[in-house]
Amino acid sequence: MFARWVTAVAVTAAYVALHLLVNVGLGQHVDGSRTGALWSGAIALALLGPALWLRHRRRSGAAEVVGLVNRYGTRQPRWRRTVRAANAAGCVLAGSGTLAVAVARCGDLLPPEPSYRLLAGGVTAAGAGLAILRRTRPYAARGAAQALLRDGRRPVLYLRSFDDEAAARVDAGAETGLRTREVQFAAALGAVGPVIAVGRPGETLPLLGAARFYLPLDDWQGTVRRLMDLSQLIVLRLGPGEGLRWEIGEARATQPPAKLILLAPRGLPELAGQLNESLPTPLLPREMVTGGHWIGAVIAFDGHWNPRVFPVKERKGRAAWTARSVGSSWHTPTVHLVHTIHAALAATGRRQRAMAWRARLATRKADLVTVGLALGLLLPGWLGYRVLQLAGRW
């Protein structure tokens with residue numbers, strides 16, 4: 001994260017230096033622009049070395065995990081690049097349209113007629129952007145290796161049954177339909193580290209949320225065992241299947257208790273009996289179904305592998321007031337799940353304060369990523385316009 005901030009400051013300083021140099025060429029504020037350009041250029045050059053070194057260190061730290069998830073990777077077809085470009089265009093349209101609507105709704109900024117035109121254009125652009133994103137987001141999903149290289153921290157390993165599709169659904173109140181349950185809680189767990197998961201064998205498109213990698217059906221246990229060792233946190237959604245039983249037993253035998261978090265689906269009390277085979281303190285079946293959402297309870301463990309059950313319940317008090325104030329998208333069932341995971345992590349001595357906000361922001365129409373991308377493209381566009389002015393072409 002620090003590497004990103006250093007890079008952002010360096011790029012901003014370089015942009016300011018170029019803009020001030022254009023002002024000098026156009027004869028505007030020559031003395032002040034020249035001094036500012038020198039200082040901004042010096043800052044950009046001074047930060048260039050640290051930014052490159054931090055980027056190299058981040059990639060080196062993730063090298064072993066990247067090697068594991070890329071071991072059976074397949075090369076992406078070239079047409080995926082075109083789809084990613086379309087996805088970026090959808091982000092720009094959605095973000096710029098949202099900004100235009102926000103400006104148009106501020107009645108004091110523009111006269112009525114331009115304001116109405118801006119509002120109509122913003123609604124059209126945002127609608128077109130969302131339509132493009134619905135079509136292209138699965139094709140543009142970042143793979144596990146890309147996510148690891150981009151982040152640099154040790155990952156969160158998300159394990160689940162391939163037959164359980166509850167996380168692929170969209171909560172009521174998630175507004176755009178682009179943010180599935182897995183997208184929300186993967187965004188929240190991103191406060192700990194990049195979330196990676198084994199993809200379903202043979203799937204043409206990955207589900208959105210955790211970054212996928214793929215393993216062969218007859219040779220996956222060794223890779224998963226090593227990824228458990230290298231991960232910061234293991235989140236396992238319980239379900240039927242011998243693979244999940246092996247993963248629970250392996251985590252129990254080789255990992256510290258605080259590293260494992262279990263998600264117990266609502267309505268499956270028989271899972272308690274399966275877990276009790278390897279736990280020193282048995283779980284009661286009713287403890288597994290106390291919650292009212294798609295995940296009934298979150299299970300954490302103390303230092304002796306004694307389970308602590310945290311039912312997923314709707315938050316009262318201030319959280320309920322927030323939901324009424326800013327809309328249901330900030331108070332979806334998955335946001336309740338994230339609050340419960342936060343409490344379970346805190347019980348094991350880990351506090352990740354940004355988790356709930358990450359899950360809430362993942363449900364918003366005006367996604368900060370799309371708005372940020374739109375703004376990021378406006379600045380180079382303005383600089384290009386000034387360069388054309390300097391060249392006498394505008």
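What share of the 394 residues of the protein counts as buried? In this predicted model, the buried share is 43%. The secondary structure consists of 14 helices and seven strands. Of the contacts between residues at least 6 apart in sequence, 72% join residues that are at least 24 apart. The accessible surface amounts to about 20,700 Å², and carbon and sulfur atoms account for 59% of that area.

The largest nonpolar core has 36 residues, of which V69, I196, F213, L227, L236, L260 and L262 touch the most other members. Beyond its neighbours within four places in sequence, L262 contacts L236, L238, L275, A297, V298, I299 and F301. Another core, of 27 residues, lies apart from this one and includes L263, I295, I341 and L345.

L48 belongs to helix 2 (residues 30–61) and is partly exposed, at a relative accessible area of 43%.

In helix 6, which spans residues 144–151, the buried residues are A144, A145, A147, L148 and D151. These residues are on the same side of helix 6, because the arc they cover around the axis is only 165 degrees. Directly after helix 6, G152 has a positive phi of about 95 degrees. D151, buried at 14% relative accessibility, is joined by a salt bridge to the side chain of R153, with an N to O distance of 2.7 Å. R153 is partly exposed, with a relative accessible area of 30%.

The structure contains six salt bridges. One of them pairs the side chains of E250 and R225 at 2.8 Å, N to O. Since E250 is in helix 9 (residues 242–254) and R225 in helix 8 (residues 221–230), this pair ties together parts 25 residues apart in sequence. E250 is buried, with a relative accessible area of 13%, whereas R225 is partly exposed at 33% relative accessibility.

Helix 8 also holds R226 and D229, which are three residues apart and therefore separated by about one helical turn. A salt bridge connects R226 with D229, and their closest N and O atoms are 3.7 Å apart. R226 is partly exposed at 32% relative accessibility, and D229 is likewise partly exposed, at 35%. Together with E64, R226 and D229 are linked in a network of salt bridges.

Terms used. Residues are numbered from 1 along each chain as its sequence is written. This is a predicted model: local features need pLDDT of at least 70, side-chain atom pairs count only at pLDDT 80 or more; totals for chains, interfaces and linings use all residues. Side-chain values use heavy atoms; hydrogens and water are left out. Helices (H or I, at least four residues) and strands (E, at least two) are DSSP runs, numbered from the N terminus. Buried means under 20% relative accessible area, exposed over 50%, partly exposed in between (1.4 Å probe, protein chains only). Contact means heavy atoms within 4.5 Å. Accessible areas come from the Shrake-Rupley method with a 1.4 Å probe; for residues, only the protein chains shown count as cover. The arc is that of the directions from the helix axis to the C-beta atoms. A nonpolar core is a set of buried Ala, Val, Leu, Ile, Met, Phe, Trp, Tyr and Cys residues joined through side-chain atoms within 4.5 Å. A salt bridge is a side-chain nitrogen of Lys or Arg within 4 Å of a carboxyl oxygen of Asp or Glu.
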